[in-house]
Amino acid sequence: MAASPSTARALNDRLALRLLQDQGPLTAAQLKTLTGLSRPTVADLVERLGGSGLVHVVGETGAERRGPNAKLYGIVADRAHLAGLDVRTRSVAVTVTDLLGTPLAEAAVPVREDAGTGPAVERAVALLERTAAEAGAGRLHTVTVGAPGLIDPATGELRDSTGLPAWHRRLVAVLQERLPARVRVENETNLAAVAELREGAARGREDFVLLWLGQGVGAAVVLGGRLRRGASGGAGEIGFLPVPGTSGPPSATSCDGGFHELACVAAVEALAAEHGLDPAGALASGHGPFLDALARRLAVGAAAVVSVLDPGCVVLGGETGHQGGPELAARVEAELAALSPLRTEVRATVLGGAAVLRGALLRARDAAQEELFP
């Protein structure tokens, strides 16, 4: 069935906006070539998008040749301001960008464990407000918060999880109450996977699993280019995976005894100490016996994921994945090959500690553009 004229216009406008976003300012002739639309249709859509305040003239091209210069059209970047928050147990980091994702201001503050829910929330909110003011953002359009814990797929809210600070959940509610912006929350590991998929170690792949190896341990599952959350939002809670070599099985309220006990930062530091290494620099030391022992541990958890999902690629993220780099990834890949017949490439994170915040900003940009672009 042929599209109606209004539907065709909307599709053409969205296509043009995506091209302007991905390839930067373009002339009408370039838009014609890239879209395959006629010259009059391109002229109409440029005028329409300009009238809606989404596109404007950002310059000219053709100064090197005779004849009139061609106008360069670009997206109005300050049409909306966005923010991403990376909320950790003891800190908060914020970045504010324009609609195209260009960073305008960023900041971070520590949060003391004994700060209390109210003061911790106010500290985080004040940080966001200061950073937005510094960026010249009078009003934020969309804010995405990345935090540890489960996100309820029905409500989109951060669920109350044992061991996580109460101020995390309260922060999201306060932001929703005090800001005119659309505020969303997402699991930090899922956001890191989004960033690695779009801009990092998994770029160009349709299927992969990100192992988050930090103070907490988790995984994010991407299949068919889409993030998979599971029925209750808990896909990838690999910290609870029962594995050999721990003190006992985990429980519904504690991942002690699960894969977390072998792979969290505290466990990695203890393993380094057993090998006579300074935990602070052990992962970058190149110490073979230590890296081999750690790789065997990580391969146990990775093998469980691979045997069920067969993603073809595992990305090692979090502090351990970042600091261990390609050398640790190569060792985990070799250990995994000995445990599973399923060929799996293991890569180190490219984005490191910036992955969660970058994923939050990408999600915020997607949400804002989905609403603003026709």
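1. Basis of the values. Because the model is predicted, local features are given only where pLDDT is at least 70 and side-chain atom pairs count only at pLDDT 80 or more, whereas totals for chains, interfaces and linings use all residues. Residues are numbered from 1 along each chain as its sequence is written, and side-chain values use heavy atoms, with hydrogens and water left out.

2. Salt bridge count. Taking a salt bridge as a side-chain nitrogen of Lys or Arg within 4 Å of a carboxyl oxygen of Asp or Glu, the count comes to 14.

3. Arginine 48 and aspartate 13. These two residues form a salt bridge in which the closest N and O atoms are 2.8 Å apart. The pair links distant parts of the chain, with arginine 48 in helix H3 (residues 39-51) and aspartate 13 in helix H1 (residues 5-23), 35 residues apart; helices here are DSSP runs of H or I with at least four residues, strands are runs of E with at least two, and both are numbered from the N terminus. Aspartate 13 is buried at 4% relative accessibility, while arginine 48 is partly exposed at 30%, where buried means under 20% relative accessible area, exposed over 50% and partly exposed in between, with a 1.4 Å probe and protein chains only.

4. Glutamate 199 and arginine 358. This salt bridge also has its closest N and O atoms 2.8 Å apart. Glutamate 199 lies in helix H6 (residues 188-199) and arginine 358 in helix H11 (residues 355-372), so the pair ties together parts that are 159 residues apart in sequence. Glutamate 199 is partly exposed, with a relative accessibility of 30%.

5. Within it, the side chains of aspartate 86 and arginine 88 meet at 2.8 Å, N to O; aspartate 86 is buried, with a relative accessible area of 6%, and arginine 88 is partly exposed at 25%.

6. The largest pocket. A pocket is defined on a 1 Å grid over the protein atoms alone, as an open set of points where a 1.4 Å probe fits, with protein on both sides within 12 Å along at least five of seven lines, and its lining residues have an atom within 4 Å of a point. The largest pocket holds about 1200 Å³ of space, a volume being the space filled by probe spheres set on grid points that are joined across faces, edges and corners. Its lining consists of 43 residues, of which Pro148, Gly149, Leu164, Gly216 and Val217 lie nearest the centre. H6, strand S9 (217-223) and helix H10 (318-339) are the elements that give two or more residues to this lining, and H10 gives the most, with four residues. By class, the lining has 10 nonpolar, 25 polar and eight charged residues, with Ala, Val, Leu, Ile, Met, Phe, Trp, Tyr, Cys and Pro counted as nonpolar, Asp, Glu, Lys and Arg as charged, and the others, Gly among them, as polar.

7. The second largest pocket. About 200 Å³ of space lies in the second largest pocket, and its lining residues include Val209, Ala219, Val221, Ile238 and Leu309. S9 and helix H9 (288-309) each supply at least two residues of this lining, and H9 gives the most, with four. The lining has 10 nonpolar residues, one polar residue and no charged residues.

8. Strand S9 and its partners. Six of the seven residues of S9 are buried, so the strand is largely enclosed by the rest of the structure. Strands pair if DSSP finds at least two bridges between them. S9 runs antiparallel to strand S8 (residues 208-213), to which six bridges join it, and a hairpin connects the two through three residues. S9 is also antiparallel to strand S10 (residues 226-228), with three bridges between them. Valine 222 in S9 is the bridge partner of phenylalanine 208 and stands opposite leucine 227 in S10. S9 and S10 form a hairpin with two residues between them, and glycine 224 in the turn has a positive phi of about 65°.

9. Serine 340. This residue lies in the loop between H10 and strand S12 (345-348), and serine 340 is buried, with a relative accessible area of 10%. The side chain of serine 340 reaches the backbone nitrogen of leucine 342 at 3.1 Å.

How values were computed
A polar contact is a pair of N or O atoms within 3.5 Å; within protein, one must be able to donate a hydrogen and the other to accept it, and residues adjacent in sequence count only if both atoms are side-chain atoms.
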